[in-house]
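I opened this notebook to record what I looked up in one structure. The entries follow the order in which I consulted the model.

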Amino acid sequence: MARNTSARRKIILETLRAEGFCSVAVLAKHLDVSEVTVRTDLTALEEHGEVTRIHGGAVLSPVQPRSKRFDEQSRLNEDKKRRIARYAAELVDDYDSIILDASTTVYHMADYLRNHQGLTVFTNGIEAAFRLASNPSTKVFLTGGLLRLETASLGAPLGMGTLSGIHANKAFVSGTGWSLDLDLMDDDLFEVQIKRDMCERVESVIAIVDSTKFGRQGLASFVNVRDIAQVITDDGVSESQMLLLREAGVHIMICKDHSTQVLEAASGDETIRIGFANQDDAAPFSTLVRQGLVRAAAAKKVDLLMTDNREDGRTALANVEYFIDQGVDLVVEFNTDARFGPLIMEKLNSASIPAIAVDIAIPGATVVGVDNYKAGRMAGTLLGMYVQKAWGGVVDKVLS
């Protein structure tokens, strides 16, 4: 019997409560759905902290005590915070050393870091620490200091000495507002002290703040915008506020519901704008393609506008129309639905926008990737030569 998403996930949780562990295969059979659907459900449940994925299946996540205030704060603008958290986590490489504050955006970020390997994490956030410690390859160090249940954090002054002598790769911090001089601020003086120390111990400071923090001031500042490498936020930030940040030399990532925009620091020169439509933003290979393009754009001072084709031709066509409306100079297209290739190019040609196709050829676009036809012929020829030499040209079956 067909069940909606909510009903399926409720049954999965009930099953795990009863069994303790359940495999993907067993859940798929029990729910009469594909294993792909079960994995999607488990990923969603893991992002909400309800289950922990392990090899072949899942278990219930341990329930940790959480204050009512922290719980309420974590749910404010939750969708925006999760989008910000996801892209922030992609800036972390395996085996990085990172410093995390105790903000609710970092709490959501911890969900996207749990599958990273070999991380060394310093944090004053109790909730994030619990989540990250579920990965045995991650080393989590708590800063120490006063335990504060209302913010689920450890605060100064005793915690200050914990970071002495530490030099980490990146710090991810949030705040409650910006000063007129573009200092990132907080209303909590305990947090201000330890965040100031955090920002002095890293190569790169990344501010992860939703748009509600713009246009208001906090009680005290802990880092100036000149010392922030990147700001990750949502699309509620005004054009004037973004311009101020760009003129201060900050790289900005704006996480929208439909797309993600990467804006380089203002240089006075005309900036090239590239639209990138990914194959499927959730797929591992597609994620690597996007990360590579983001890094290349940053190196070349290019503004990048990104969307997700979701392996659907009609969505790809709609994304191209969006790029045209946004006036991009070039489109990088990763589209698997060959039926829509000519339509995509017709629209781009009409708008005089050149295109680069990733991996899968589109008529009229420059292709970046393997020539699949030629590679297939080469592989087949080499295989034939081996069969002739080793087996006298005799085979029982050919698998292609």
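The entries below concern helix packing, a sheet and one aspartate.

**Entry 1: the model.** I note at the outset that this is a predicted model.

**Entry 2: α1 and α3.** I looked up how helix α1, residues 5-19, sits against helix α3, residues 35-47. Their axes are 10 Å apart, and the packing angle is about 75°. An angle of 65 to 115 degrees counts as roughly perpendicular, and α1 and α3 are therefore roughly perpendicular to each other. I then listed the residues that meet. From α1 these are T5, R8, R9, I12 and L13; from α3 they are T37, T40, D41, L42, A44 and L45. By class, I find 5 nonpolar, 3 polar and 3 charged residues in this contact of α1 with α3.

**Entry 3: the sheet.** I asked in what order the strands of the sheet lie. The sheet is open, has 3 strands in the order β1-β3-β2, and its pairing is antiparallel. I recorded β1 (21-23) and β2 (51-54) as the edge strands, each of which pairs on one side only. From one strand to the next, the twist averages 25°. I followed the pairing of β1 with strand β3, residues 57-60, and found 3 bridges in the antiparallel sense. Within this pair, C22 stands opposite A58 of β3.

**Entry 4: helices on the sheet.** I looked up which helices pack on these strands. Helix α1 touches β1, β2 and β3, and its direction makes about 75° with that of β3. Helix α2, residues 24-31, also packs on the sheet; α2 touches β1 and β3, and its direction makes about 80° with that of β1.

**Entry 5: D111.** I located D111 in helix α6, residues 104-113.

**Entry 6: α11 and α12.** On the α11 side I listed A316, L317, V320, E321 and I324, which meet L343, I344, K347 and L348 in α12. This contact of α11 with α12 has 7 nonpolar and 2 charged residues, and no polar ones.

Technical notes
Residues numbered from 1 in each chain as written. Predicted model: local features only at pLDDT ≥ 70, side-chain atom pairs only at ≥ 80, totals over all residues. Heavy atoms only, no water. Axes fitted to C-alpha atoms, helices over the stretch in contact; angles between N-to-C directions. Helix = DSSP H or I, 4+ residues; strand = E, 2+ residues; numbered from the N terminus. Parallel < 35°, antiparallel > 145°, perpendicular 65-115°, else oblique. Contact = heavy atoms within 4.5 Å. Nonpolar A, V, L, I, M, F, W, Y, C, P; charged D, E, K, R; others polar. Pairing = 2+ DSSP bridges.
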